[in-house]
Amino acid sequence: MGLLAPLGRLLFSVIFITSGLNHFIQLQALTAYAQASGVPDPRMAVLVSGGVLVVGGLCVLLGAFARLGAAMLAVFLVASAFMVHHFWKMDDPVQAQNNLIHFMKNLSMAGGALLIVYFGPGPFSLSRKKRDSSLGGMKLGAPLR
C-alpha cells in the first residue's frame, strides 16, 4: 500500500511537468491564447506559469518541498481557472461547455493539490527520507524506545 503515494504523486505531477515544459516550447501560441483571454502581460504570465508548473510538479513528484510545490500548483490552477476559462462570458455553447470542463478540472486538481499541502508527500519521498535520517533512521509513527 505504501507504493500508492509515490504512484499518486507521479500520476498527479506528470500533467504539470509536461504542461509547464510545453509553456516554453509553445511560447508564442500560448502567449496569443493568454492575450486573447485577457491575461495581463501574457508573455510573462506564460513564462512564469511554465516555471511554476515545472517546479511545482517536480516538487510533488520527488516529494521534496512537496507542500510548497502543491501550494504553487493550487494557486496557479485557481488563477488560471478564473483568468482563462471564463465560460460564463461565452456565447458559443460548445466553447462555453469546453471551458466549463477546463474550469472544473482546474478546481478539482487544485483540491488534489491542497490535499498534498495538508497531508504531505507520504512515503518514498525525498523529504520523508531526509526527515527519517535526521531522526536517526527512526520512522515517523514508530514507537519511541
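Is F124 buried or exposed? At 56% relative accessibility, F124 counts as exposed (buried being under 20% relative accessible area, exposed over 50% and partly exposed in between, with a 1.4 Å probe and protein chains only). The structure is a predicted model, in which local features need pLDDT of at least 70 and side-chain atom pairs count only at pLDDT 80 or more, whereas totals for chains, interfaces and linings use all residues. Residues are numbered from 1 along each chain as its sequence is written, and side-chain values use heavy atoms, with hydrogens and water left out.

The mean pLDDT (the predictor's confidence in each residue, from 0 to 100) is 90 for the protein, with 88% of its residues reaching 70 or more. Confidence is highest in α3, at a mean of 98, and lowest in α6, at 60 (helices being DSSP runs of H or I of at least four residues, numbered from the N terminus). Over residues 132-145 pLDDT stays under 50; where pLDDT is low, the predicted coordinates should not be read in detail.

F124 is found in the loop between α5 (93-119) and α6 (126-134), and its phi is positive, near 60 degrees, although the residue is not glycine. A positive phi, near 45 degrees, also belongs to the non-glycine residue D41, which lies in the loop between α2 (27-36) and α3 (42-62) and is exposed, with a relative accessible area of 54%.

Within α2, the residues L27, T31 and A34 are buried; because they cover an arc of only 65 degrees around the axis, they lie on the same side of α2 (the arc is that of the directions from the helix axis to the C-beta atoms). The face turned away from this buried side carries the exposed residues Q28 and A36.

Definitions and conventions:
Helices (H or I, at least four residues) and strands (E, at least two) are DSSP runs, numbered from the N terminus. Contact means heavy atoms within 4.5 Å.
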